[in-house]
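Hi everyone, thanks for coming. Have a look at it on the screen, and then we'll go through it together.

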Amino acid sequence: MTLFIGIVSQKGGVGKSTLARLIAREYALAGWNVKIADLDIQQGTSFSWQARRLQHAVEPVVAVERFGTVGQAVKAATGYDLIILDGPPHATMGTLQIAEVSTLVVLPTGLALDDLEPTILLAHELTRKGIPAQKIVVAFCRVGDSEGELAEASAYVRQAGYRSLANVLPEKTGFRRASDEGRAPTETRFPSLNGRAEAIAQEIAELMQASSNREAA
């Protein structure tokens, strides 16, 4: 059976595609047959990243395909262990469909209220439409060095009724340079950065397993 992870956001530039690549690379490295379904038909950010990855002959190979609808992506899931649904940069009607088919729904966000408020509004909209809150997790991306700001953002998410990943993806030049070469955040030239990204992937994998167990119960 194919599993789905949905990565959705209410606005662009919060690290959505970066997380999709991170998760896909780590599962592929573990031997899973993985595909990123790039649902941003206008920009195709993950699709372009894959082209750079192929150009630089980076292993493991991560399949990426562009789809106009969630339904098309689901139909093309046969033969894959995991499909990562990389949603468009703004919430659409398809966002709910992504959440409905996904075992885990990840909402990336920055720490500023300009990012947090639309993220929580999206989470509320999904839960109003029947998506369980325990299926949703907020991921802090492009984070600075302020522990106080991170603590405030974590409290904001918690008070809204949702959980956030304990590990965060910092704003670092090394991650951007890796992306320019078609690499995931765990494939930078800096072991410390790779370790931080690996921690996020591991945490998401554990949440996926827990959510899968709940669905099977």
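By buried I mean under 20% relative accessible area, while exposed means over 50% and partly exposed is in between, using a 1.4 Å probe and protein chains only.

A word on where this comes from. This is a predicted model, in which local features need pLDDT of at least 70 and side-chain atom pairs count only at pLDDT 80 or more, while totals for chains, interfaces and linings use all residues. Residues are numbered from 1 along each chain as its sequence is written, and side-chain values use heavy atoms, with hydrogens and water left out. As for the helices and strands, they are DSSP runs numbered from the N terminus, with at least four residues of H or I for a helix and at least two of E for a strand.

Back to strand 2, which covers residues 34-38. What does it pair with? Strand 2 runs parallel to strand 3 (residues 63-66), joined by four bridges, and also parallel to strand 4 (residues 82-86), joined by five bridges. Two strands count as paired if DSSP finds at least two bridges between them. If you want to find these pairings on the screen, look for Asp38 opposite Arg66 in strand 3, and for Ile36 with its bridge partner Ile84 in strand 4.

Strand 2 and strand 3 also belong to a right-handed β-α-β unit, together with helix 2 (residues 45-55). Right-handed here means that, with the strands pointing away from the viewer, the path from the first strand over the helix to the second runs clockwise.

The loop between helix 2 and strand 3 deserves a stop. Most residues other than glycine have a negative phi, and most peptide bonds are trans. In this loop we find Ala57, which has a positive phi of about 55 degrees although it is not a glycine. Ala57 counts as exposed, at 59% relative accessibility. Pro60 sits in the loop as well, and the peptide bond from Glu59 to Pro60 is cis, with omega near 0 degrees.

Now to helix 1, residues 16-29. Its 14 residues should span 20 Å at 1.5 Å a residue, and its end C-alpha atoms are 20 Å apart, which agrees; the expected span is 1.5 Å times one less than the number of residues. Helix 1 is largely enclosed by the rest of the structure, because 12 of its 14 residues are buried. Among them are Lys16, Leu19, Arg21 and Tyr27. Just after the helix, Gly31 takes a positive phi of about 100 degrees.

Tyr27 brings us to the aromatic rings. How many aromatic pairs are there? There is one. Its rings, from Tyr27 and Trp32, have centres 4.7 Å apart and planes at 70 degrees, so the pair is edge-to-face. The rule is that rings of Phe, Tyr and Trp (its six-membered ring) pair if their centres lie within 6.5 Å, with planes under 30 degrees apart stacked, over 60 edge-to-face and the rest tilted. Tyr27 is buried, at 10% relative accessible area, whereas Trp32 is partly exposed, at 32%.

Finally, the largest pocket. Its volume is about 490 Å³, and of its 28 lining residues, the closest to its centre are Gly15, Ser17, Thr18, Arg21 and Arg142. A pocket, on a 1 Å grid over the protein atoms alone, is an open set of points with protein on both sides within 12 Å along at least five of seven lines, and lining residues have an atom within 4 Å of a point. The volume is the space filled by probe spheres set on the points, which are joined across faces, edges and corners.

Arg142 is in strand 6, is partly exposed at 44% relative accessibility, and has a positive phi of about 55 degrees although it is not a glycine. Helix 1 and helix 2 are among the elements that each supply at least two residues of the pocket lining.

Notes. On a 1 Å grid over the protein atoms alone, a cavity is a set of points where a 1.4 Å probe fits but cannot get out, and a pocket is an open set with protein on both sides within 12 Å along at least five of seven lines; lining residues have an atom within 4 Å of a point.
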